[in-house]
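Visitor: I would like to learn how to read aromatic ring pairs in a model. Please start with the terms.

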Amino acid sequence: MAEVVPSVAEPLSWPASEDVHKEICWVWGLDEYSVCSWGLSMTFHCLNMKQAGTEQRTHECQVPKLERWKKCRAVGDGDMLESELTPELSLRIEPGNSSPRLVSSKEDLAETVAVQEMTQGVCYHWNRSQIVGFFTNAGIVMISWMESGKRRLVDTWQSAKVNPPHHDIFSFAFVIISFFILESPSDMSVIVKFSRRPTCPDASVAASLPTPPVPRHRKSHSLGNNMMCQLSVVESKSATFPTERPRHLLDDSVLECHSPARSHVPSTHLANGLSRDSSESSEFSEELPSGLESPTGACSCTAGGSIGVITWEGPLRRKTLLKEGKKPTLSSWTRYWVMLSGSTLLYFGAKSLRGTERKHYKSTPGKKVSIVGWMVALPDDPEHPDIFQLNNPDKGNVYKFQTGSRFHAILWHKHLDDACKSNKPQAATASPAGQLCTGKIAQNAITPLEGNKTFIISPYFDDRESKVTRVIGIVHHEDVKQLYCWFCCQPNGKIYVSSAKIDVHSDRFGFPYGAADIVCLEPENCDPTHVSIHQSAHGSIDQLPRFEIKNRKAEPFAVDFTVCISAMFGNYNNVLQFIQSMEMYKILGAQKVLIYKNNCSHLMEKVLKFYVEEGTVEIIPWPINSHLKVSSKWHFMQDGTHIGYYGQITALNDCIYRNMQRSKFVVLNDADEIILPLKHPDWKTMMSSLQEQYPGTGIFLFENHIFPETISTHTFNISSWSTVPGVDVLQHVHREPDRKDVFNPRKMIVDPQKVIQTSVHSVLRAYGNSVNVPMDVALIYHCRKPLQRDLPRESLIKDTTLWRYNSSLIMNVNKVLSQTILLQRLSHQPKVIQEGGKCREKTANSTITPLEGNKTFIISPYFDDRESKVTRVIGIVHHEDVKQLYCWFCCQPNGKIYVSSAKIDVHSDRFGFPYGAADIVCLEPENCDPTHVSIHQSAHGSIDQLPRFEIKNRKAEPFAVDFTVCISAMFGNYNNVLQFIQSMEMYKILGAQKVLIYKNNCSHLMEKVLKFYVEEGTVEIIPWPINSHLKVSSKWHFMQDGTHIGYYGQITALNDCIYRNMQRSKFVVLNDADEIILPLKHPDWKTMMSSLQEQYPGTGIFLFENHIFPETISTHTFNISSWSTVPGVDVLQHVHREPDRKDVFNPRKMIVDPQKVIQTSVHSVLRAYGNSVNVPMDVALIYHCRKPLQRDLPRESLIKDTTLWRYNSSLIMNVNKVLSQTIL
């Protein structure tokens, strides 16, 4: 075997004063190896060897004799390391102690080396295989590989010439390492590829280790990436089996110890399990959750479910000696798998008559017993050395346990003794009558304990392991040594004092203060409602602040999803993005958002007030900078600050516990982050799918992706948002590509009942497993400053997932803005300016009425009491020049004149034109229901000189019709007569009873047709002479051509049509005269809408996808000769539609509930009270017969769609009837 360890400048020197027994504990990297030896005097000698061989160091530390088999300490590069040796190994190397395995190994190697030449042996388990190595006095190392019970000699190797017994232990260490890492000796060559230095600090030293460097830095591998846990857990790096999961060296059970580079942060509780000798497919290994690895290197390997952190476990036999002080009539041995979790014993019954592996026992515990206050005894019985006893003095119960070996009995005794001595609350005193629990109740979110460097956030009842009060707090990690919980129990007034366990979270990132759990056992016969925290067990509870213990009562979940945002600081003013995030959370399924608010801008305060009043947001005041010197960084910068990122981690933990009983899931992300589902419409369906796919999982981690705010697209450029401070997320749909070797952090959706401690990017301790959700399921949309600043636009990835929600998002954001910033809640009450007069002003009769010299045009006012009692005037205004308007109301019969200041809300869809649709909204007088209103640019003057407008919709009436079609605007001497008649008859066949047409002009022939429909009662004509007042464009977007308004004021007409029909039509259909919404699954609109409303309750806007049927491609199946003389397109001849184009948006038209609409555009509603839904194409589509958009497509590339022909019989008959009475 080739020598793989670098040569050294001089022979390694071990102390020659004793017969040295060497055991190996290693760290290795590119530059050094460390090894320690153990002598008969129980002294450890540790050496460090640099690659160049120029430096050697020796350290000594005396180890107590009774603990000599337990730990091997190595010192290298400043790192203090510990690793637990296996019990089998400790027995092998105990002087004077032999084992069958060791004897067997010697016999196997007898042909090569005489047994008496061997000075020591090393025996390890790995993957159900055994590796045994020996040093000989001749300087020869033997490696034996045992597989499936058969041992064979693998190799021998002549070490460098050394003076016995000082062997070349570094070379041997490297050979042993290779066997532990690789699946077989044949994989030895792989070992030279590794450059990490694995470390495994003991939990006791974890807290004192330095904060880990940034992941990917070489030093981070030294401090953070584990190869061995306290029980020698290693991670397989086999080239043969690259997906092999980490295994326990003692028993080969599957464990997971994730690197902090993957954001798994630590638990300082280490699993010291016994004999888990089970395969990957065993019942127990499937229940194991992921281990969590500390940035300091501590590895927690825990069992899953709701069991908690396992202190010790293994197979035991139990027998009852005394039950309530009496010897039972019949008592026999019963087999259990027993787990010790904190101070709780869990018994898992046997599934089979034999078997000592975990899989032979049930997966759920049959018994759960707290052993606080119990006593454990280890009898000195040579005939039964494997026995220990457990006594419950309170009930007089005594149990005998059999472990199988004296060694295991000692270990069980040690751990049980610690658990029995857990801090049990002691009754300190009883308060005098009338003075029960009189301490002042703390009201603040952060309460300092006087002179103690401790800050209390809130206590929570937690009975997941045992009955405890868990106080979320902030403490100094070194200076706070002891705290006590003071419980005052009603009605007897007994005061119990319980010594607290202070568990400072491992993710301090170098700051002196960190989040902490202050955990106290509660009194057995009391369910305290409040607790006080004190640094002493003595004093008066009346002088201490009392804190309410939350979560005492388990309640059904009030909500499915709660979002936790912490912490809002730095005079936060990213208003637009915050509103967009809030509305996206609501669209995706969040019912509650908790915000830990330090400070924000005045404008942001208005927005928060709106959401609090709405019931969505709960504000937790977070004045942490009043108590500590805070940093806005997450890691310590040696700048004298006390805690990182405004105490964000503490706030997140408090949010978890605050919502543990009231929310099924908690979403942990920042206000500029949105977890976007890619395969599902919302969080609820996504989480149902993930829970089904990953049963028992409680933590779901989603990968963060940056969408730089510096790269914009103007597809959704809403002008009214431009005055709102903050980022518009709809304009940022390009994400940075992943970088090789750069870690994308994650945020989480968690089951709060499975979380013990959380960090920002991962959970530190939990009862359930965690899973990294694949990116094709969901990702985090994170719009912020770029991380890859020099990337050109073309290197980014366009990702328009967010746009799937654009319609609902725009509508909801506009609603919030209108009530907070753009059109805040109307506060200007009308004032009386004149009394005793008469309303004699002239009533306006025109559809469009200009206000003299004011660049304002009034269409019509409507009464609107959906939010408050207002008059909403639909109008057209210049978006910059119209600053102030007033509503003048004349109230009868007293003749009082009221003037109300108007809010002018220019619609966001001007598309660049200087004039746009506007809502002019005024509060009405409280004791008056005015029938008319006048609009003026001043609050002074004479109402008699002003035109007055009738206020429509004053009285609510039953709906006169089910469906009204709005067509706007008919212009350009419109003469498409045949298609117009066909559309009209199709509307009537499908269910429309009324059609409103905003007519600018049309042909003489078309006038005849309109006259017919008006006389029939189907059509209502709204004159629309907009070109008499403004220079109009026939385009929808501004062309810099001096025009004033787009597409003949179409958007204003549509809004007027909505309000005009609000009280008289159940639904309003918004489409053009060449468009027909065709149902595919239903015969007409009425049955289709009934089905859609049942499927989408609460929805008020239904959007249908537009599809082009080119008028240039014809079929002559229905070639009616009498129609050939009528100008216009015959839709029955055009049944080929253009295929969809990838990345090209198909616009939509709508059927809406008018009472749920506030503002509409052409293809979507801007503001509404109901939800909106995109109707699937298999339910309905828009038949749009016009000039082709894809002009070069041959006929065979089109899709033949004859849905329209289903109506051909009725359509032909009805069209012929109209033509015979108008043209033919």
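Guide: Buried means under 20% relative accessible area, exposed over 50%, and partly exposed in between, with a 1.4 Å probe and protein chains only. Tyr-646 is buried, at a relative accessible area of 13%. This is a predicted model, where local features need pLDDT of at least 70, side-chain atom pairs count only at pLDDT 80 or more, and totals for chains, interfaces and linings use all residues. Residues are numbered from 1 along each chain as its sequence is written, and side-chain values use heavy atoms, leaving out hydrogens and water.

Visitor: How many aromatic pairs are there?

Guide: A pair of aromatic rings is described by the distance of the centres and the angle of the planes. Rings of Phe, Tyr and Trp (its six-membered ring) pair if their centres lie within 6.5 Å; planes under 30 degrees apart are stacked, over 60 edge-to-face, the rest tilted. The count is 34 aromatic pairs. Phe-569 and Tyr-646 are stacked, because their ring centres are 4.0 Å apart and their planes at 10°. Phe-569 is buried too, at 18% relative accessibility.

Visitor: Which pair is edge-to-face, with 90° between the planes?

Guide: Phe-911 and Trp-1036, at 5.1 Å centre to centre. Phe-911 is partly exposed at 38% relative accessibility, and Trp-1036 is exposed at 53%.

Visitor: Which residues do ring pairs link into a cluster?

Guide: Phe-561, Tyr-585, Phe-665 and Trp-683.

Visitor: Which residue lies over the face of Phe-461?

Guide: A charge sits over a ring if NZ of Lys or CZ of Arg is within 6 Å of the ring centre and within 35 degrees of the ring normal. Arg-552 lies over Phe-461, 4.2 Å from the ring centre.
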